[in-house]
Amino acid sequence: MAQALPLRARDTGRGPAVVLVHGFPLEGSMWNAAADLLAGSCRVVVPDQQGFGASALAGPTTMATYADDLAALLDALEIDRPALLAGLSFGGYVVMEFMRRHPHRLDAVGLIDTRETPDPPDAAANRRAQADRLVAGEPVSIVAEPMLPKMASPDAPESFREHWRRVMCAQSPLGVAAALRAIADRPDSAASLRAFRGRALLVVGEHDAITPVADHERMASFLREPGLHVIPRAGHMAPTEQPEAFAEIVRGFLGV
Ligand code: MLT
């Protein structure tokens with residue numbers, strides 16, 4: 001496997017370190033408003049994952065690549081154990097891989113608008129077919145457009161949808177293709193949740209149409225110390241749509 005390049009990351013604020021991992025096909029900027037709010041009481045680290053935003057793709061990826069990229073970023077920033085490592089959807093899949101590969105570096109995880117189950121075979125096949133089309137030169141809109149109606153709550157303003165449509169469609173086709181293959185190959189993480197000894201924060205938008213509230217109730221049943229929060233008037237990008245509510249939940253979880 002190709003050597004990973006250092007991730008580009010935003011690193012702001014002082015206090016307990018909170019690492020926020022973005023969803024698919026997105027970039028770290030989806031956390032901007034929440035990070036601004038949290039930076040008054042925490043050190044907030046927000047990477048662009050490999051192949052997204054300003055972080056270059058180094059080669060084919062698996063979930064292990066994204067998790068090990070995060071470990072290398074923490075090393076570079078001299079963060080041994082973050083107070084909270086949280087990921088949204090695809091970011092959550094990466095956090096669950098990090099739980100398997102680097103458990104000694106975790107005190108608490110945040111599983112945000114995500115799920116522990118793997119793709120059913122037809123969904124995985126669809127992702128691999130989309131990856132092939134991107135590699136053949138088709139635009140990221142073939143992936144983004146079918147997802148967009150499910151990303152925000154029904155009440156989200158058109159400007160919100162338009163902004164994130166532009167961000168999604170501006171991602172690198174090869175970066176998105178690599179992630180599609182890695183996501184299609186991800187394992188079932190139920191056993192990893194059961195084995196986890198730390199605290200877990202689960203957050204979901206009340207209108208999440210991709211990873212609904214029931215997915216988070218099921219994940220909570222596998223965890224030793226879960227805190228489950230449903231954010232009203234939010235969809236699959238709950239921390240982006242309702243950043244104040246998300247920041248308050250994180251501050252309450254960390255006691256800051
Ligand atoms: C995401 O928001 O990261 C995606 O919904 C993940 C997925 O497609 O499974």
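The legends below describe close-up views of a predicted model. Local features are given where pLDDT is at least 70 and side-chain atom pairs count only at pLDDT 80 or more, while totals for chains, interfaces and linings use all residues. Residues are numbered from 1 along each chain as its sequence is written, and side-chain values use heavy atoms, with hydrogens and water left out.

**View 1. Seven strands form an open sheet of mixed pairing.** The strand order is β1-β3-β2-β4-β5-β6-β7, where strands are DSSP runs of E with at least two residues, helices are runs of H or I with at least four, and both are numbered from the N terminus. Two strands are taken to pair if DSSP finds at least two bridges between them. The edge strands, each pairing on one side only, are β1 (9–12) and β7 (225–231). From one strand to the next the twist averages 15°, with axes fitted as lines to C-alpha atoms (for helices, over the stretch in contact) and angles running from 0 to 180 degrees between N-to-C directions.

**View 2. Strand β3 pairs with β1 and with β2.** Strands of a sheet pair through backbone hydrogen bonds, either parallel or antiparallel. The pairing of β2 with β3 is parallel, over three bridges, and Val19 has Val45 of β3 as its bridge partner. Four of the five residues of β3 are buried, so the strand is mostly covered, buried meaning under 20% relative accessible area, exposed over 50% and partly exposed in between, with a 1.4 Å probe and protein chains only.

View 3. In α9 the buried residues are Val213, Asp215, His216, Met219, Ala220 and Phe222, and what covers them includes β5, α8 (190–195), β6 and β7.

**View 4. Ala178 sits in helix α7 (residues 173–184).** Ala178 counts as buried because its relative accessibility is 9%. Leaving aside neighbours within four places in sequence, Ala178 is in contact with Leu57, Thr61 and Tyr66. The C-alpha atom of Ala178 is separated by 22 Å from that of Ile112, which lies 66 residues away along the chain. Leu57, placed in the loop between β3 and α2 (63–76), is partly exposed because its relative accessible area is 30%.

**View 5. His102 occupies the loop between α3 (90–101) and β5 (108–112).** His102 is classed as buried because its relative accessible area is 14%. When residues up to four places away in sequence are not counted, His102 touches Ala67, Asp68 and Ala71.

Note on methods. Contact = heavy atoms within 4.5 Å.
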